[in-house]
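Below is a short briefing on one protein chain. Look at the sequence and the structure first, then read the points.

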Amino acid sequence: MEKIKGKRVRVAAGKRKTRTATVHFRTETSVTPEQRRERLQAVFAALFVCACIAATWALGATVWPR
């Protein structure tokens, strides 16, 4: 999840002048190893479901037309 943070910095305000302004930027929180593991498990589960569907289709295509 990303957060929006602000920081006070000096910015140019004309010839040889500066002013203080708030600059906003987005930060993204790092992914923990547990979150990475859960995402990987979800990907493998989706691939397993797709493989089961493909195997069922292939079996049906080879058995029924004969």
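**K7 and its chain**

K7 sits in strand 1, which covers residues 2–12; strands (E, at least two residues) and helices (H or I, at least four) are DSSP runs, numbered from the N terminus. This is a predicted model, in which local features need pLDDT of at least 70, side-chain atom pairs count only at pLDDT 80 or more, and totals for chains, interfaces and linings use all residues. Residues are numbered from 1 along each chain as its sequence is written, and side-chain values use heavy atoms, with hydrogens and water left out.

**K7**
- K7 counts as exposed because its relative accessibility is 51% (exposed is over 50%, buried under 20%, partly exposed in between, with a 1.4 Å probe and protein chains only).
- Apart from neighbours within four places in sequence, K7 is in contact (heavy atoms within 4.5 Å) with A21, T22, V23 and F25.

**Overall shape**
- The protein chain has one helix and two strands, in the order β-β-α from the N terminus.
- The protein chain is more spread out than a compact globule, because its radius of gyration is 27 Å, well over the 11 Å that the globule rule gives for 66 residues (taken over C-alpha atoms; the rule is 2.2 Å times the number of residues to the power 0.38).
- Along the principal axes, the C-alpha atoms fill a box of roughly 85 × 30 × 15 Å.

**Burial**
- Of the 66 residues in the protein chain, 2% count as buried.
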